[in-house]
Amino acid sequence: MIGMDILQPVVALTIWTMVMWVWMYATRIPAMSKVPDMPPPSKMVGSTGASLREKLPAQVSWKADNYNHLHEAPTVFYAIAIVLAIIGQGDGLNALLAWIYVGLRVTHSLVQATANVVLVRFVLFALSSLVLMSLILHAAISVFRG
């Protein structure tokens with residue numbers, strides 16, 4: 001189908017988001033069990049990620065932070081990619097840009113979840129934002145052209 005190649009990176013980023021979800025819980029649950037004054041999950045009422053942050057090692061929280069980040073700017077990516085697919089503009093350069101966006105977001109995740117070097121994260125986020133702006137511009141040109 002014409003314009004649908006862009007849906008592949010959309011699905012890839014949703015898969016990556018679920019990988020981060022698994023990684024988050026695979027590190028968070030064992031870390032919670034090692035905290036001496038942590039009540040069992042059945043006794044936790046009204047707890048938030050912020051309250052867990054105080055008790056867990058920073059490296060554990062980094063995965064949760066990134067999982068949350070994957071629900072922020074990427075939602076704009078999903079919307080614009082679907083628009084480009086619907087209007088038949090999701091192939092070629094736009095599909096390539098979408099894959100570049102996904103690659104940058106996955107790299108951002110890996111940096112944040114491991115070393116968490118803020119400057120590196122910022123550069124990756126800024127580059128992914130520029131790619132996203134390019135996709136938005138391409139969609140705007142096509143949608144408002146007529």
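**View 1. S109 in helix 5.** S109 sits in helix 5, which covers residues 92-113. Helices are DSSP runs of H or I of at least four residues, strands are E runs of at least two, and both are numbered from the N terminus. The model is predicted: local features need pLDDT of at least 70, side-chain atom pairs count only at pLDDT 80 or more, and totals for chains, interfaces and linings use all residues. Residues are numbered from 1 along each chain as its sequence is written, and side-chain values use heavy atoms, without hydrogens and water. S109 has a relative accessible area of 0%, so S109 is buried. Buried means under 20% relative accessible area, exposed over 50%, and partly exposed in between (1.4 Å probe, protein chains only). Beyond residues up to four places away in sequence, S109 touches W16, M20, N66 and L70. Contact means heavy atoms within 4.5 Å.

**View 2. M38 in the loop between helix 1 and helix 2.** Helix 1 spans 7-33 and helix 2 spans 49-53. M38 counts as buried because its relative accessibility is 13%. Setting aside neighbours within four places in sequence, M38 contacts M32, M44, L52, K55 and L56. One of these partners, K55, is 17 residues from M38 along the chain, with 8.2 Å between their C-alpha atoms.

**View 3. Helix 4 against helix 5.** Helix 4 (residues 73-86) packs on helix 5 at an angle of about 165°, and the axes are 12 Å apart. Axes are lines fitted to C-alpha atoms, for helices over the stretch in contact; angles run from 0 to 180 degrees between N-to-C directions. The angle therefore makes the two helices roughly antiparallel (over 145 degrees; under 35 is roughly parallel, 65 to 115 roughly perpendicular, the rest oblique). Their crossing is left-handed: the near helix is turned anticlockwise from the far one by less than a right angle. Helix 4 contributes A73, P74, F77 and L84 to the contact, and helix 5 contributes N94, A98, Y101, V102 and R105. These residues divide into seven nonpolar, one polar and one charged.

**View 4. The whole chain.** The protein chain has six helices and zero strands. Its radius of gyration is 18 Å, well over the 15 Å that the globule rule gives for 146 residues, so the chain is more spread out than a compact globule. The radius is taken over C-alpha atoms, and the rule is 2.2 Å times the number of residues to the power 0.38. Along its principal axes, the C-alpha trace spans about 65 × 30 × 20 Å. Of the 146 residues, 39% count as buried.

Technical notes: Nonpolar A, V, L, I, M, F, W, Y, C, P; charged D, E, K, R; others polar.
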